[in-house]
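This report looks at a ligand site and then at a pair of strands.

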Amino acid sequence: MSALTRSPAWQALEAHAATARRLCLRTLFREDPSRFETHSLTAGPIFIDWSKHLVTGETRQLLLSLARQQGLEAAIGDLFGGALVNHTERRAALHTALRDRSGQPVLFGGRDVMPGVRDVLARMRRFSDAIRDGSLRGHTGLPFDAVVNIGIGGSDLGPSMVVEALRAHGRDDLRVRFVSNVDDTHLVETLRDLDPARTLFIVSSKTFTTQETMTNAASARQWLVASLGDAAAVGAHFAAVSTNVGATAMFGIPSDRVFEFWDWVGGRYSLWSAIGLPIAIAVGMDRFEALLEGAHAMDRHFRSAPLDINGPAVLGLLGVWYANFLGCATHAVLPYDQYLHRLPAYLQQLDMESSGKRIDRSGDPVEHATGPVLWGEPGTNGQHAFFQLLHQGTQMVPADFIVAARGVRQLGRHHDILLANCLAQTQALAFGKTEAEAYAEMERAGMSAGEARRLAPYRTFPGNRPSTTILLEALTPSSLGALIALYEHRVYVQSVIWEINPFDQWGVELGKQLAGGVLSTLESRQGGVDLDASTRGLLTRIALAGDAPPAQGSR
Ligand code: F6P
């Protein structure tokens, strides 16, 4: 047993979990009229109701003891203070500096990083304003009406999720699109209705070596040069966001179109940096800065609120409670907001690339579960798809319901119906319907006693299925910034408890390495001698299939 799982706080939680599994939320609410008040909190602009969780006052105290035992408060200081929290890569994780609006210095290695941060923000403002007002033009003198971001992972998911979330603030005459997949259909379908003379590409890549991004960028450059008939057009139609300034120059992007960021910004924490340039172009720099403000409000809360009313700490500790003590292997994120339809995909990278780790900070295998599988879809769509399993399946899936009190659009009763569904689902999950209630309901509806008895077990909802309701006043750039930062810090809290590094991602390397070998075998059409039988067999089948004729599109 590891020191963590042997520790007093961990052991106490294990002992407590045996009884907590049998907790009944109906009873907890009946016996404590103030449960909602004592199990809810305000974090920046966000209200969090965590009363519908399988926790008692004792659970809460035991989780806080675990947090203190693991040094959570000091670890929060380390994060903001520029300590090398990413110990395997010997890096800080100072994404909070990118949205620091305090005017105070943020020191890293004895130097204030804020002048550099402000300088890049000012350049982003000039550039995005010039695209939006049409003063910056393409090679043939036309203003841009489309911006295509080419990136993947953190260089795609954050900005694309935010652009979708803030679509209400976008402009119809300036389309902002994202290409990530190396599957050529993604690039081809994205470009097929665009005018090359009015299209700007942003190549976003921290390393500027990622195979998918560089392949897409090269094909985009070919498309542009072939259409405009002049290789010199590249300088006017490409910008780059990267830490690898040398490689951007090699690609042919002029230095005044290269937006820098730094090693201390992890890919999945980078939307606050110049990686957010497509956001600034889509909705304007003022709104991008409002996004930063919202995140900064959450940072202030995370740094200063006592742990028991600290949003990221409470959500992180609940994550630990379910993953390690109640055996939950997955966690659902259910935004009741169509604008947030890409949030689950974004959070999958944030959470699973950060928490999918098996080696602890001392280099030993962990002896406890780490990150659960995170998944989700917007409500109400999920209700008509997978909610059946949430309500009556055999697994417990803790779920986050995210909703805004006020809708962005004001179309008829839509928002009230959305809200009602969101709240009703959390009610149904928590309080369920007993067999007696199901029976009585059918009897009242005029069903025969025999038929009602037969169907009652199927129409019973066990309840006691945990959920958090995350309530925004409205979805704005600022509340969105706070929401994203809430999840970022939740991931950090869990990593501190689990003693893992949430800022590296060695697990993505092996596939990349092997793809190199497979690709050369595939392209040389010669069976690789040291390939395993399965890969060799599949390559043979692929070779036999030959090259399919190119698809004939309507355009
Ligand atoms: O393969 C994983 C990863 O390294 C992510 O962590 C990162 O966000 C993504 O690839 C893209 O990397 P880059 O921005 O360097 O192209």
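An N or O atom in the side chain of Gln349 lies 3.2 Å from an oxygen atom of the ligand. That is a polar contact, a pair of N or O atoms within 3.5 Å. The side chain of Ser155 places an N or O atom 2.6 Å from a ligand oxygen. Gly154 uses its backbone: an N or O atom there is 2.7 Å from an oxygen atom of the ligand. Of the ligand's own 390 Å² of accessible area, the protein covers 87% (Shrake-Rupley method, 1.4 Å probe).

The model is predicted: local features need pLDDT of at least 70, side-chain atom pairs count only at pLDDT 80 or more, and totals for chains, interfaces and linings use all residues. Residues are numbered from 1 along each chain as its sequence is written, and side-chain values use heavy atoms, without hydrogens and water.

## The shell

There are 14 residues around the ligand, each with a heavy atom within 4 Å of it. Gly154, Ser155, Ser205, Thr207 and Thr210 come nearest. By class, the shell holds 9 polar, 3 charged and 2 nonpolar residues. Here Asp, Glu, Lys and Arg count as charged; Ala, Val, Leu, Ile, Met, Phe, Trp, Tyr, Cys and Pro as nonpolar; and the others, Gly among them, as polar.

## The hairpin

Strands β1 (residues 40-43) and β2 (residues 46-49) pair antiparallel over 4 bridges. Strands are DSSP runs of E, at least two residues, numbered from the N terminus; pairing needs at least two DSSP bridges. Thr42 has Phe47 in β2 as its bridge partner.

β1 and β2 form a hairpin with 2 residues between them. In the turn, Gly44 has a positive phi of about 55°.

Key
Polar contact = N/O pair within 3.5 Å; in protein donor to acceptor, adjacent residues only side chain to side chain.
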